[in-house]
Amino acid sequence: MSRQRRAGSPTVISPIADRISTILRDRCLVQVSGLSKGSGFFAAPGFVITCAHVAGSEKGRRVTITGPQGEAEATVQWASQPPAVAGSIWPYPDLAIVELEGGPHSHECAYVEQAYPILGTQMHVYGHSGVYVKDHLDVKPALTTYGGLHGLYGDKVLQLDAGELPAGMSGGPVLDLSTGVVRAIAKTQRTPKAAMGGLAIPLKAIRGMDPALYRRLWRAHDLYHAEDSLWLRSIDAMHTIGVSGLEHSAGRALRRLLASLPERDEHRAAWTVVAGPQTGTPDTPLLDYRDVVDELGELFLESDDALPRAVAYAADLARDGDEPHAAGLRQWVLQVSGQRRHAGEATARLAEAPTAPHVVSLMAELTPASTDHSLVRLNVWRHLSNGESVPVHLGSTPTTPHRAWLDLQSLLPKELDEVGGSKRRVMVEVFAALGLMNENLADWRLWPSAGWSALGRRYAVVLRDVERRYDRRVLGVWQTRWDSLATEPVGTALTPVDCADRAHEEHEGLIEADPMLGALALAASPFKSPTRSALEVALPAGVPVLLWPRRQCQSCPSAGGTGCPGADFLQGLAEELRGTPLDELPERVRELRSAAAKPDAADHCGRDLVVVWDNPYRQPPPMRRALDDDAPLEEVDPVHDRMAALPGQWRPA
């Protein structure tokens with residue numbers, strides 16, 4: 001990603017950067033004596049940020065802070081967990097928040113931003129070390145260069161190249177010399193007793209902490225830095241650009257306004273409105289308004305002709321917020337946009353929310369990664385109202401279907417919340433091979449706080465055939481059947497299939513004899529009755545709609561009885577779908593599932609109802625399927641894709 005600020009890589013520290021470095025060292029740096037001895041810094045009045053392996057991981061633990069104003073007692077308010085094996089490296093993020101007792105506090109505080117630095121930026125690290133005086137820790141600086149993000153047990157830490165980070169410097173602030181802001185916390189040296197740099201923890205890592213404490217810390221920081229100070233004047237004198245292309249002074253003014261807003265939890269949805277549904281999901285939680293501004297600033301550079309994202313976000317808050325907070329935001333928006341010649345666009349946004357493509361469904365595909373389908377790759381997209389599909393998750397390595405289902409279950413709640421939650425109907429479309437279609441998707445319970453709530457009653461959930469998506473031969477008849485089915489209500493077009501044990505040839509004769517046949521209703525589960533042969537014929541024959549209950553008739557022939565109680569299901573389903581258009585079928589099935597959950601509705605046709613609703617014109621990008629290898633799947637270039645080679649065949653939903 002590209003940062004929205006300019007930064008150089010000076011070989012000599014500028015006088016302004018040196019001045020800020022001195023303020024950090026003399027007025028904000030502290031020594032922390034807790035589980036061990038190390039460093040920390042004042043990030044807000046009364047708050048010190050340090051490493052968990054320095055302060056200790058137990059909430060409520062007492063520590064001693066030694067700083068510019070002498071010693072003070074403090075308490076660990078939050079810390080990340082210790083390693084499972086004593087003596088090993090502390091796991092990510094290895095951070096702790098320590099709060100001083102008493103107050104008010106008159107110490108100075110460092111100016112902090114959570115964005116990553118630019119590659120090659122010079123960084124100044126301050127901490128305490130006993131390298132030169134045994135049994136005594138003195139303040140020690142280290143001049144390093146940011147070498148990029150380093151993977152540590154699957155998480156992102158900053159790699160610092162060159163400079164010495166000896167024991168005692170852990171928890172010390174890492175100052176970005178190009179912008180004058182603290183961006184990270186020193187964690188460890190790379191090699192003991194060697195001047196080879198080390199690792200630092202990005203400050204956005206503390207978003208994993210308690211949200212209430214997080215907001216208290218950062219709101220105190222932003223309100224503190226709303227006042228004039230030598231540090232802030234020095235930053236402004238460096239003439240660098242902050243997040244979303246704003247001057248640092250304008251960004252600080254915005255954060256001051258945001259720090260006074262009432263707390264809320266819908267930050268991801270607000271972020272998506274500004275960033276657009278085409279944009280991927282932030283890799284860290286959004287706990288407060290300032291996080292939205294920071295993440296918007298992490299996106300690619302904006303055109304000078306566009307309203308800055310941070311200004312657009314502030315305009316949305318002003319338009320939808322309550323007074324007196326909205327008045328301050330409105331004034332800020334008009335002032336900043338006027339300076340950038342965007343007053344007209346800002347005024348329009350303050351009056352009315354812009355329209356943009358919205359997410360209409362989440363598409364998940366279990367792409368076969370082995371010839372016997374024992375391994376799959378999970379791919380997930382957001383499908384937009386303009387027909388575009390934006391990847392959310394592309395499986396990098398093959399996994400078992402069971403693991404893929406679990407991964408999808410963990411991903412869906414967050415994604416559904418981000419793209420609209422209960423405010424907008426979002427469909428869930430799952431592409432799977434026939435052998436995986438018995439997964440009870442509609443009954444997934446994904447919300448721990450509402451264990452009674454099933455996915456298929458909250459959202460329209462449909463199955464789709466992953467095999468014919470990649471079979472060019474079936475495309476023409478698949479489209480023909482879909483187009484024919486779209487001309488009449490689904491209920492009147494349903495062809496019933498009872499539980500009689502029929503050979504595949506008989507079902508093929510039925511289906512292939514009628515190229516307009518578009519919908520089958522199976523009397524019982526194809527995984528528990530002879531109706532499976534009908535499903536096995538219908539999918540490769542391009543039948544786009546199939547419905548069945550996830551149960552077996554208790555007295556059907558395969559269970560040793562006679563007759564077919566599934567006939568009641570077939571009749572009831574045809575009645576319920578008699579006036580349902582093809583495009584409305586997924587939502588109608590959701591309604592039937594909900595109706596079946598009512599008291600005294602045990603025999604309702606919506607109970608355990610499964611629907612294959614496979615629109616040939618509604619597709620995410622095809623994936624290149626490399627079987628039996630570990631190469632990640634790639635989206636196929638539509639120009640060269642075998643499906644796109646058929647002119648005029650593909651169109652957006």
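Of the 12 residues of helix α8, 10 are buried, so the helix is largely enclosed by the rest of the structure. The model described here is predicted. Its protein chain has 653 residues, of which 54% are buried, and its secondary structure comprises 18 helices and 21 strands.

**Helix α8**

- Helix α8 covers residues 309-320; at 1.5 Å a residue its 12 residues should span 16 Å, and the 17 Å between its end C-alpha atoms agrees with that value.
- The buried residues of α8 are Arg309, Ala310, Val311, Ala312, Tyr313, Ala314, Ala315, Asp316, Leu317 and Ala318.
- The cover over these buried residues includes other helices, namely α5 (248-258), α6 (267-275), α7 (289-297), α9 (325-339) and α10 (343-351).

**Glutamine 114**

- Glutamine 114 is located in the loop that runs between β6 (96-100) and β7 (122-129).
- Glutamine 114 has a relative accessibility of 1% and therefore counts as buried, the cut-off being under 20%.
- Leaving aside residues up to four places away in sequence, glutamine 114 touches Leu203, Lys204, Arg207, Tyr214, Trp218, Arg290, Asp291 and Asp294.

**Aromatic pairs**

- The whole structure contains 4 aromatic pairs. One of them is formed by tryptophan 482 and tryptophan 613, in an edge-to-face arrangement with 5.4 Å between centres and 75 degrees between planes.
- Because tryptophan 482 belongs to helix α13 (residues 472-485) and tryptophan 613 to strand β21 (residues 609-613), this pair ties together parts that are 131 residues apart in sequence.
- Both partners are buried: tryptophan 482 has a relative accessibility of 4%, and tryptophan 613 has one of 3%.

**Arginine over aromatic rings**

- Arginine 458 is placed over the face of tryptophan 447, at 4.0 Å from the ring centre.
- Arginine 469 is placed over the face of phenylalanine 431, at 5.2 Å from the ring centre.

**The chain as a whole**

- Among contacts in the protein chain with a separation of 6 or more, 68% are between residues 24 or more positions apart.
- The accessible surface of the protein chain is about 27400 Å², and carbon and sulfur atoms account for 52% of this area.

Definitions and conventions. Residues are numbered from 1 along each chain as its sequence is written. This is a predicted model: local features need pLDDT of at least 70, side-chain atom pairs count only at pLDDT 80 or more; totals for chains, interfaces and linings use all residues. Side-chain values use heavy atoms; hydrogens and water are left out. Helices (H or I, at least four residues) and strands (E, at least two) are DSSP runs, numbered from the N terminus. The expected span of a helix is 1.5 Å times one less than its number of residues. Buried means under 20% relative accessible area, exposed over 50%, partly exposed in between (1.4 Å probe, protein chains only). Contact means heavy atoms within 4.5 Å. Accessible areas come from the Shrake-Rupley method with a 1.4 Å probe; for residues, only the protein chains shown count as cover. Rings of Phe, Tyr and Trp (its six-membered ring) pair if their centres lie within 6.5 Å; planes under 30 degrees apart count as stacked, over 60 as edge-to-face and the rest as tilted. A charge sits over a ring if NZ of Lys or CZ of Arg is within 6 Å of the ring centre and within 35 degrees of the ring normal.
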